[in-house]
Amino acid sequence: MGRAGPPAPGLRLLRLLLLVWGPLVLGDCGGHGLVPAGPELARLPPWPPAAALPSLALLRDDLPEDPPGLLPDLDPDCRALLVLFARSSARLTDCLGRGARPVRVCQTCYPLFREVVGSMENISRAAGPGNASESHNCARSLLMSDRMQIVVILSEFFNTTWQEANCANCLMNNSEGLSNSTIHFLDLFNITMTCFEQNLQGGESSLQLRNYTDVCKNCRESYKSLSALYAEMQKRNDHENKAEHGTHLCIDVEDAMNVTRKLWSRTFNCSVPCSDTVPVIAVSVFVLFLPVVFYLSSFLHSEQKKRKLILPKRIKSSTSFANIQDN
């Protein structure tokens with residue numbers, strides 16, 4: 001039998017997370033239950049803010065067991081930096097998984113992402129006591145000592161995920177919290193979801209037979225306000241990011257708007273009447289009758305030429321010759 005090839009990078013990363021951080025994730029859950037699905041998730045309190053980065057002195061007493069003496073060991077402060085990065089990465093991974101559906105990645109995980117970025121910066125600077133050569137050796141050992149460079153791979157994974165989610169568009173400039181427009185949008189989203197729930201009629205088992213008249217009637221204003229705010233945020237984002245083609249809003253806002261539109265149009269079969277109905281109808285009728293007016297005017301103003309019968313000269317000469325003979 002042939003020898004199996006090496007596992008894919010994504011599979012290796014998943015195995016690494018399960019092997020190294022599985023116990024940490026289970027230990028840091030803090031008794032949180034499963035996140036409920038549906039609109040109830042949008043009204044959950046925000047994720048507990050990440051605590052300040054612990055000092056290296058506190059981490060020295062909680063380091064893993066020392067490796068055998070023949071293996072190269074790290075300085076205690078350098079190992080403390082590694083443990084800090086591992087724990088913050090485990091917490092961020094747990095948060096990303098919990099906020100995957102419905103998407104609440106940016107609004108709940110930004111404190112944990114800042115913690116991971118801070119721990120990575122500490123490793124890059126090799127912060128801690130010691131002379132410059134020891135600090136340099138610590139950063140080199142954690143970031144460049146092997147072919148895998150696991151710390152670098154994990155850091156790049158989190159940065160790529162955060163950038164693809166466009167979470168910066170939901171946060172303030174220094175990422176200390178959600179922007180005012182995002183908070184306003186999430187408030188309107190919660191109001192709209194609450195209105196949908198309160199105006200539903202019929203049992204849960206008869207989803208297709210429900211009467212959605214009250215939903216369409218009573219929730220129209222909240223839905224229009226949410227849709228108008230989303231359009232305004234999208235327009236402002238396109239104006240601020242002219243140089244970046246195809247820049248999106250953060251994934252939390254986009255997913256919330258997509259869910260609301262699907263419920264409104266597909267599930268509830270509601271529609272928002274257009275306020276410019278009369279002008280639209282008038283223009284449509286005018287365009288429809290343009291061909292009729294064109295052909296009618298062409299027919300009335302065209303010159304109808306009568307056909308004139310012109311006898312050939314040969315026939316005329318024959319007739320004259322016959323008349324001469326008769327005479």
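Trainee: Where does Pro102 lie?

Mentor: Look between two helices (DSSP runs of H or I, at least four residues, numbered from the N terminus; strands are E runs of at least two). Pro102 belongs to the loop between helix H3 (76–98) and H4.

Trainee: What kind of model is this?

Mentor: Residues are numbered from 1 along each chain as its sequence is written, and side-chain values use heavy atoms, with hydrogens and water left out. Local features need pLDDT of at least 70, side-chain atom pairs count only at pLDDT 80 or more, and totals for chains, interfaces and linings use all residues, since the model is predicted.

Trainee: Is the peptide bond from Arg101 to Pro102 cis or trans?

Mentor: Most peptide bonds are trans. From Arg101 to Pro102, though, omega is near -10°, and the bond is cis.

Trainee: How many helices and strands does the chain have?

Mentor: Read along the sequence, the pattern is α-α-α-α-α-α-α-α-α-α-α-α. The count is twelve helices and zero strands.

Trainee: What share of the chain's 327 residues is buried?

Mentor: Buried means under 20% relative accessible area, exposed is over 50%, and partly exposed is in between (1.4 Å probe, protein chains only). Of the 327 residues, the buried share is 31%.

Trainee: Among contacts between residues at least 6 apart in sequence, what share joins residues at least 24 apart?

Mentor: A contact here means heavy atoms within 4.5 Å. Among contacts between residues at least 6 apart, the share that joins residues at least 24 apart is 71%.

Trainee: How far apart are the end C-alpha atoms of H10?

Mentor: H10 covers residues 251–267, 17 residues in all. The expected span is 1.5 Å times one less than the number of residues, so H10 should span 24 Å. The model agrees with that, with the end C-alpha atoms apart by 22 Å.

Trainee: Which helices do the buried residues of H10 pack against?

Mentor: The buried residues of H10 are Asp252, Val253, Glu254, Asp255, Ala256, Met257, Thr260 and Trp264. They pack against helix H4 (105–125), helix H7 (180–198), helix H8 (213–218) and helix H9 (220–240).

Trainee: How do H7 and H10 run, roughly parallel or roughly antiparallel?

Mentor: Their axes (lines fitted to C-alpha atoms over the stretch in contact, with angles from 0 to 180 degrees between N-to-C directions) come within 11 Å and cross at roughly 25°. Angles under 35 degrees count as roughly parallel, over 145 as roughly antiparallel, 65 to 115 as roughly perpendicular and the rest as oblique. That makes H7 and H10 roughly parallel.

Trainee: How many nonpolar, polar and charged residues make the contact of H7 with H10?

Mentor: H7 brings Thr182, Phe185, Phe189, Thr192, Met193 and Phe196, while H10 brings Val253, Ala256, Met257, Thr260, Leu263 and Trp264. Ala, Val, Leu, Ile, Met, Phe, Trp, Tyr, Cys and Pro count as nonpolar, Asp, Glu, Lys and Arg as charged, and the others, Gly among them, as polar. By class, that contact has nine nonpolar, three polar and no charged residues.

Trainee: Is the crossing of H9 and H10 left-handed or right-handed?

Mentor: H9 and H10 pack at an angle of about 145°, with axes 11 Å apart. A crossing is left-handed if the near helix is turned anticlockwise from the far one by less than a right angle, and right-handed if clockwise. H9 passes H10 in a crossing that is left-handed.

Trainee: And what is the make-up by class of the contact of H9 with H10?

Mentor: Arg220, Tyr223, Leu226, Ser227, Tyr230 and Met233 in H9 meet Val253, Glu254, Met257, Thr260, Arg261 and Trp264 in H10. Sorted by class, the contact has seven nonpolar, two polar and three charged residues.

Trainee: What is the phi of Asn269?

Mentor: Most residues other than glycine have a negative phi. Asn269, in the loop between H10 and helix H11 (277–301), is exposed at 62% relative accessible area. Its phi is positive, near 55°.

Trainee: Is Asn199 buried or exposed?

Mentor: Asn199 lies in the loop between H7 and H8. Not counting residues up to four places away in sequence, it touches Asp214, Val215, Asn218 and Cys219. At 14% relative accessibility, Asn199 counts as buried.
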